[in-house]
Amino acid sequence: MKKILVVGSSNTDLIIQVPEIPRPGETVLGSRFQTFPGGKGANQAVAAARAGGEVIFIAAVGDDPYGSEAVKGYRRDRINCEDIKVCRDTPSGIALISVSEKGENAISVAPGANYKLSPEDMEEAEAAFDEADLMLIQLEITLDTVHRAVEICEELRTRVILNPAPATDLPDGILNRTDIITPNEAEAERLTGIRIRNEKGAWKAAEWLHRKGVRTVIITLGARGAYLSDPATGPGRMIPGFAVNAVDTTAAGDVFNGQLAVALSEGKSLEHAIGLAHAAAALSVQKTGAQSSIPMREETDYFYQANLANQHTK
């Protein structure tokens with residue numbers, strides 16, 4: 001089995017269910033409070049592991065109960081945790097999440113130990129990079145660390161999937177070393193300055209990213225699906241998603257990316273891989289929490305086959 005390297009954040013999510021997302025200066029009385037393991041890197045690592053991938057996770061946690069419990073969870077999902085750094089006198093990453101009755105969310109993150117993951121840590125994890133078929137990385141760690149990780153992948157000719165979240169500006173030195181980029185609408189607009197209201201806007205944003213050196217662009221558009229642009233496989237086109245009743249969209253993008261990485265590592269076409277990623281994300285938004293909502297491979301495969309006729313492009 002080919003190995004997937006995930007480099008990124010590990011957080012603990014503190015979630016409050018609220019009637020609606022509060023506006024600035026407003027206090028909203030919520031209901032249920034829950035604690036879940038999270039973090040974009042960790043979510044994607046768990047999603048890839050549950051999709052059947054052999055996953056190596058490079059991350060940093062604090063020397064505290066949040067960190068130790070997080071690592072225990074990754075090991076339960078059979079993730080290789082040898083390169084997870086434990087930082088003394090630094091708290092683990094924390095995310096405060098409000099989830100509305102409509103399934104919308106608002107998230108604030110205190111990075112903590114995530115910002116202690118350094119370029120030097122990438123170099124010390126040489127064996128993990130050597131073993132990987134592809135690397136999946138996000139932006140809840142420092143850009144210097146992201147930059148070094150993609151440099152190492154370029155040296156080893158290892159494919160890079162970059163999920164540019166949270167949204168931020170990126171230097172050309174990261175973009176031109178990225179094989180596949182997977183922004184959502186807001187992230188694509190932040191990167192390119194192009195507003196995405198329709199397929200034409202997605203095409204313009206994809207062309208901008210191609211000019212920066214990115215070979216494959218996948219812009220996720222929620223339940224509408226994703227816009228795929230890869231000149232090697234034909235004109236840009238929409239890959240439809242699945243219509244479901246969303247309860248909590250917190251980790252939908254992370255689930256999409258984890259499943260995508262596994263499907264591509266198994267040699268599936270871009271269209272098939274994106275379809276499976278849509279299916280996994282659709283399953284995840286029907287449950288509360290980040291990692292607690294991530295489906296197993298059998299669930300995703302069954303849902304994908306059973307609902308192919310229900311894909312839509314709205």
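Leaving aside its neighbours within four places in sequence, which residues is Pro166 in contact with? In this predicted model, the partners of Pro166 are Lys40, Leu139 and Glu140. Pro166 itself sits in the loop that runs between β9 (159-162) and α6 (172-175). From Pro166 to Phe57 the C-alpha distance is 19 Å, with 109 residues separating the two in sequence.

Asp77 is placed in the loop between α2 (65-76) and β5 (84-87). Here the relative accessible area is 18%, so Asp77 counts as buried, the limit being under 20%. Beyond its neighbours within four places in sequence, Asp77 touches Val46, Ala49 and Arg50.

Turning to the chain as a whole, the secondary structure comprises 11 helices and 14 strands. The radius of gyration is 18 Å, close to the 20 Å that the globule rule gives for 314 residues, and the chain is therefore as compact as a globular protein of that length. Along the principal axes, the C-alpha atoms occupy a box of roughly 50 × 50 × 40 Å. Buried residues make up 55% of the 314 in the chain. Among contacts with a separation of 6 or more, 67% join residues 24 or more positions apart. The chain has an accessible surface of about 14,000 Å², and carbon and sulfur atoms account for 49% of that area.

What lies in the interior is also of interest. In soluble globular proteins, nonpolar side chains tend to be buried together. The largest nonpolar core in this model contains 50 residues, and Phe57, Tyr74, Ile79, Ile84, Ile218, Leu260 and Ile274 have the most contacts inside it. Helix α10 gives the most to this core, contributing 10 residues. Apart from this core there is another, of 41 residues, which includes Ile58, Ile181, Leu191 and Val214. Leu260, one of the residues with the most contacts in the largest core, is in contact with Thr182, Ile218, Ala273, Ile274 and Ala277, its neighbours within four places in sequence left aside.

Methods: Residues numbered from 1 in each chain as written. Predicted model: local features only at pLDDT ≥ 70, side-chain atom pairs only at ≥ 80, totals over all residues. Heavy atoms only, no water. Helix = DSSP H or I, 4+ residues; strand = E, 2+ residues; numbered from the N terminus. Contact = heavy atoms within 4.5 Å. Buried < 20%, exposed > 50% of the residue type's maximum accessible area, 1.4 Å probe, protein only. Core = buried A, V, L, I, M, F, W, Y, C linked by side-chain atoms within 4.5 Å. Rg over C-alpha atoms; globule rule 2.2 N^0.38 Å. Areas by Shrake-Rupley, 256 points an atom, 1.4 Å probe, with all protein chains shown as cover.
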